[in-house]
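Subject: Structure handover and what was found in it

Dear colleague,

I am passing on the structure that I have been going through, so that you can look at it yourself before reading on. My notes follow below it.

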Amino acid sequence: MNFDEIIDRRGTHSSKWDMMEPIYGVSPDDGLAMWVADMDFRPPQAVQDALQAMLDHGVYGYFGDDSAYRAAICWWMEHRHGWQLDPAHISTTHGLVNAVGLCLHTWTAPGDGVMLFTPVYHAFARVIHSAGRRVVECPLVECDGLYQMDLEAAEALIDAGTRMVILCSPHNPGGRVWTVDELRAVAAFCARHDLILVSDEIHHDLVMPGHNHTVMPVAAPEHMDRVVMLTAPSKTFNIAGTHCGQVIITDDRLRAQFTASLGALGISPNSFGLHAVTAAYSPQGAEWVEALLAYLDENRRVFDAGVNAIPGLRSMPLQSTYLAWVDFSGTGMDMAEFTARVEESAKIVANHGPTFGTGGASYLRFNLGAPRSVIVDAVARLQRAFSDLQ
């Protein structure tokens, strides 16, 4: 659990490090990659050992008997989230963006509307547009510096062709952990309008001290006839490259429809992902996560203290995820100017706010899943880049 170790990821086909120069023009040799949402940490030793055992065996055939994999997911959900899950309710996809695409394929048609509470994870809109569906944006509102869903506004945005709501819970990029009342309200909203509710809960384990994430089946059990829950260990254990996500559907009718889509498209998981998930969702994995959360919380404290000390910058209080959402509107600068300072002066690559939809224009998203020294360096770079404001 040495999260302070600097691991050089350059030249390893890392999207986060090896694509920063082609896309943003910032060299990884002297720049900091704080955009793509994976961490610069190795996963728990239990995951490393499971994958090493596969390498040592040396035969990479088709995976059979996934009962241990399903049992590990069920153990994790009960141990971490107080929910007893039926293993038969789990389907496996090639990550959760793939899962979103499959949900669109299963329950919507070209031209149908899909509601997003924006700003929100940029891949949702990308997949919706690629599938020929319409994005229906319902902007989040700020209250006491935190995002809230405006369901009254959502009522006015619904039309006869709207078929689905995709909820990011916890929220990316704002870091909100939705309350039970908020989750019940959005589920009831979907029930009133006969909408499928896709609840993407990939950040469900990455919750800061003092906050608790509630999985949708616990928050709104009465509405599970329309809820599709997406989870994965990708963010928690930094194994996104295994592309192994879980689609959990408790309703028999919905699950049969989704299973039919998997079969029609020939979707089946890869063995590396299944072994990694089984090893991660374990007591050893739980111990590692507790240490990780303490480390990320201190990264958050260091980053927020440094950034909020710069006049005109404000980092939204982070309740969950390792993704800081920083508002530059107080500087009076347009996006081109504050982004140039971050990328050209500070040599930091962060996600551009407009890619997250309406409400993101004055923001950048910074990945805090890195050794503490990197976070300290990033703060110092930002303070120098905006030194004329101080």
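Within the sheet, β3 and β4 run parallel and are joined by 6 bridges, and in this pairing M115 stands opposite V136 in β4. Please keep in mind throughout that this is a predicted model.

The two strands belong to an open sheet of 7 strands, whose order is β2-β10-β9-β8-β7-β3-β4 and whose pairing is mixed. Its edge strands are β2 (90-93) and β4, each of which pairs on one side only, and neighbouring strands of this sheet are turned by 25° against each other on average, direction ignored.

Turning to the helices, α8 (residues 180-192) lies across β3, β7 and β8, and runs at about 170° to β7.

Which residues of helix α6 (residues 122-130) are buried? They are A123, F124, V127 and I128, and, seen down the axis of α6, these buried residues fall within an arc of 135°, so they line one face of the helix. In general, an α-helix has 3.6 residues a turn, so residues three or four places apart point the same way. On the other side of α6, H129 and S130 are exposed. The cover over the buried residues of α6 includes α5 (96-107) and, from the strands, β3 (113-118), β4 (134-139), β7 (162-168) and β8 (196-200). Just after α6, G132 takes a positive phi of about 80°.

The last point concerns a pair of helices, α4 (residues 67-81) and α13 (residues 283-308), whose axes come within 11 Å and cross at roughly 45°, which makes α4 oblique to α13. The contact is made by W75, W76, H79 and R80 on the α4 side, and by P283, G285, A286, V289, E290 and L293 on the α13 side. In this arrangement α4 passes α13 in a right-handed crossing.

Methods: Residues numbered from 1 in each chain as written. Predicted model: local features only at pLDDT ≥ 70, side-chain atom pairs only at ≥ 80, totals over all residues. Heavy atoms only, no water. Buried < 20%, exposed > 50% of the residue type's maximum accessible area, 1.4 Å probe, protein only. Helix = DSSP H or I, 4+ residues; strand = E, 2+ residues; numbered from the N terminus. Arc of directions from axis to C-beta. Contact = heavy atoms within 4.5 Å. Pairing = 2+ DSSP bridges. Axes fitted to C-alpha atoms, helices over the stretch in contact; angles between N-to-C directions. Parallel < 35°, antiparallel > 145°, perpendicular 65-115°, else oblique. Left-handed = near helix turned anticlockwise from the far one by under 90°.
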